[in-house]
Amino acid sequence: VPGQRWQVVLYLNNNSAKTVVPLLHCSFTNSGKPVEETRILMPPVGPGVRVGFTVYGPNTSLFVDRANCRVESP
């Protein structure tokens, strides 16, 4: 569908005893070559809380075969 974007659904568990504000980094690639990178600053996540969210990547007119996401902080 024209104008659509690649999407990744992520779940993040806060296993700590305090509220955290996670910063995530996602890289969308094609055959190991970067297509687009994005950073996500989450709202505060309370202790013991699991959150689910969608990360939007590049337009679907660009081929993506992998999305790698990691927590940069805390």
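His 25 is found in strand E2. The model described here is a predicted one. With a relative accessibility of 10%, His 25 counts as buried, because buried means under 20%.

Which residues does His 25 touch, once those up to four places away in sequence are set aside? They are Glu 37, Thr 38, Arg 39, Asn 68, Cys 69, Arg 70 and Glu 72. With Glu 37 there is also a polar contact between the two side chains, at 3.0 Å.

## The nonpolar core

The largest nonpolar core is made of 14 residues. Inside this core, Phe 53 and Val 55 have the most contacts. Two or more core residues come from each of these elements: strand E1 (5-13), strand E2 (23-30) and strand E4 (50-59). In soluble globular proteins, nonpolar side chains tend to be buried together.

When neighbours within four places in sequence are left aside, Phe 53 is in contact with Val 8, Val 9, Leu 10, Leu 12, Leu 24 and Met 42.

How many salt bridges does the structure hold? There are three. Side chains of opposite charge can pair when their charged atoms come close.

One of the salt bridges is formed by the side chains of Arg 5 and Glu 36, with an N to O distance of 3.9 Å. This pair links distant parts of the chain, since Arg 5 lies in strand E1 and Glu 36 in strand E3 (residues 33-41), 31 residues apart. Arg 5 is partly exposed, with a relative accessible area of 36%. Glu 36 is also partly exposed, at 23% relative accessibility.

The side chains of Arg 39 and Glu 72 form a salt bridge with an N to O distance of 2.8 Å. Here too, distant parts of the chain are linked: Arg 39 belongs to strand E3 and Glu 72 to strand E5 (residues 66-73), 33 residues apart. Is Arg 39 buried or exposed? At 54% relative accessibility, Arg 39 counts as exposed, because the cut-off for exposed is over 50%. Glu 72 is partly exposed, with a relative accessible area of 32%.

Glu 72 also meets Arg 70 in a salt bridge between their side chains, at 3.8 Å from N to O. Through shared partners, the salt bridges join Arg 39, Arg 70 and Glu 72 into one network. Arg 70 is partly exposed, with a relative accessible area of 49%. Arg 39, Arg 70 and Glu 72 are also among the residues that His 25 touches.

Terms used. Residues numbered from 1 in each chain as written. Predicted model: local features only at pLDDT ≥ 70, side-chain atom pairs only at ≥ 80, totals over all residues. Heavy atoms only, no water. Core = buried A, V, L, I, M, F, W, Y, C linked by side-chain atoms within 4.5 Å. Buried < 20%, exposed > 50% of the residue type's maximum accessible area, 1.4 Å probe, protein only. Helix = DSSP H or I, 4+ residues; strand = E, 2+ residues; numbered from the N terminus. Contact = heavy atoms within 4.5 Å. Polar contact = N/O pair within 3.5 Å; in protein donor to acceptor, adjacent residues only side chain to side chain. Salt bridge = Lys/Arg side-chain N within 4 Å of Asp/Glu carboxyl O.
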